[in-house]
Amino acid sequence: MMLPKHLIVGLISLCLMIRCTGGTERCGASIRGACPPAWNQWGDKCYKQLSGKLPWAEAKQECIKMGSVLVMPQSQEETEFLQKNLIDKFWIDCNDQHVEGTWVCQDGTTDVEYRNWKEGQPSNRQGKEDCAVVRPAGDWNDVPCDDLSPVICQRPAPQLHF
Ligand SMILES: [Ca+2]
């Protein structure tokens, strides 16, 4: 069945109007299908670096406060984007605090299989390295969770659904 053009335009406008009730930031993002201001986009994810350095647990909390989660790159391409556009060293949502040697890496609440440990890592040096960072070389190291490292938060890019 063919719908009259003005009806289609009307329906799209109505959908946008409903989605825009969340405020101007969400509205602009929804229409462009892009990240909010000050967030970098790569594929279907938005990223933002926090100012300063934090311990791992605080990094996770600060991201949640912004309606996002601690970053968890799922490929070397994603890691390279982050290093080139944000910063070359940062925490990732990967830890073995619960069971030593069993690393849990999560993209939000989804387990991530991707691993990129530097040769010889994770080393759990002195028995106290339970959190992971991306090193400037692009690979991973386990370090003490109370180390201070830069923080990148991630959130899904807004999607248009009709
Ligand atoms: Ca280590």
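Q: Which residues is Trp-91 in contact with, leaving aside its neighbours within four places in sequence?
A: In this predicted model, they are Trp-56, Ala-59, Leu-70, Cys-131, Val-133, Ser-149 and Val-151. Each counts because its C-beta atom, placed from the backbone, lies within 7 Å of the one in Trp-91.

Q: What makes Trp-91 part of a nonpolar core?
A: Core members have to be buried, with 20 or more other C-beta atoms within 10 Å, and joined through C-beta atoms within 7 Å. Trp-91 belongs to the largest such core, a set of 24 residues, and together with Val-71 and Ile-92 it touches the most other members.

Q: Which elements give two or more residues to this core?
A: Those are β2 (45-54), α3 (56-65), β4, β7, β8 and β9 (149-156). Top of the list is β4, with 4 residues.

Q: Why do β4 and β7 count as paired?
A: Pairing takes at least two bridges, and residues 90-95 (β4) and 131-134 (β7) have 3, so they qualify, in the antiparallel sense. Over in β7, Val-133 is the bridge partner of Trp-91.

Q: What makes β6 and β8 edge strands?
A: Each of them, β6 (110-111) and β8 (140-143), pairs on one side only. The open sheet has 5 strands, ordered β6-β5-β4-β7-β8, with antiparallel pairing.

Q: Where is the pLDDT below 50?
A: The chain has a mean pLDDT of 87, with 78% of its residues at 70 or more. Residues 20-31 are the stretch below 50, though the model gives them 13 contacts beyond near neighbours in sequence.

Notes:
Residues numbered from 1 in each chain as written. Predicted model: local features only at pLDDT ≥ 70, side-chain atom pairs only at ≥ 80, totals over all residues. pLDDT = per-residue confidence, 0-100. Contact = placed C-beta atoms within 7 Å. Buried ≥ 20, exposed ≤ 12 C-beta atoms within 10 Å, placed from the backbone.
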